[in-house]
Amino acid sequence: MRIIAKSTIKKFWEQPAYHDAKSPLESWYEEALKAHWTSPQAIKDHYRNASICANNRVVFNIGGNKYRLVVEMQYRAGIAWIQFVGTRTQYDLINVDTVNDY
């Protein structure tokens, strides 16, 4: 997959309070780069706990479910566009269908 807006996750883990997110976010990023997700089911086959949402959004649980990553998938183009990364509490304050942090 082509990942758009890696800077979003990098800015997040560079904050002292979220430094522990660096390793799991980098792991997700490396896996996503190698992936060929062509459908929501392809994501669910690899990430059983991922939530498939409206507007081609997928929510990934990161770092043992401590963090949430919202990605807009463009399956045909092979693009995963990072829209949001935050704690579970921060995630609860957003609308997953419309959020964008880029």
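First, the term you'll need: a salt bridge is a side-chain nitrogen of Lys or Arg within 4 Å of a carboxyl oxygen of Asp or Glu. Keep in mind that what you're looking at is a predicted model. By that definition, the structure holds three salt bridges.

**K10 and E14**
- K10 pairs up with E14 through their side chains, with an N to O distance of 3.8 Å.
- K10 is partly exposed, at a relative accessible area of 41%.

**D20 and K66**
- D20 and K66 make another salt bridge, and their closest N and O atoms sit 2.7 Å apart.
- D20 lies in the loop between α1 (6–13) and α2 (22–34), while K66 is in the loop between β3 (57–62) and β4 (67–74), so this pair ties together parts that are 46 residues apart in sequence.
- As for accessibility, K66 comes in at 43%, which counts as partly exposed.
- D20 counts as partly exposed too, with a relative accessibility of 40%.

**R57 and E72**
- R57 forms a salt bridge with E72, and here the closest N and O atoms are 3.7 Å apart.
- This pair links distant parts of the chain: R57 belongs to strand β3 and E72 to strand β4, 15 residues apart.
- Is R57 buried or exposed? R57 has a relative accessibility of 6%, so it counts as buried, because buried means under 20% relative accessible area.

Terms used:
Residues are numbered from 1 along each chain as its sequence is written. This is a predicted model: local features need pLDDT of at least 70, side-chain atom pairs count only at pLDDT 80 or more; totals for chains, interfaces and linings use all residues. Side-chain values use heavy atoms; hydrogens and water are left out. Buried means under 20% relative accessible area, exposed over 50%, partly exposed in between (1.4 Å probe, protein chains only). Helices (H or I, at least four residues) and strands (E, at least two) are DSSP runs, numbered from the N terminus.
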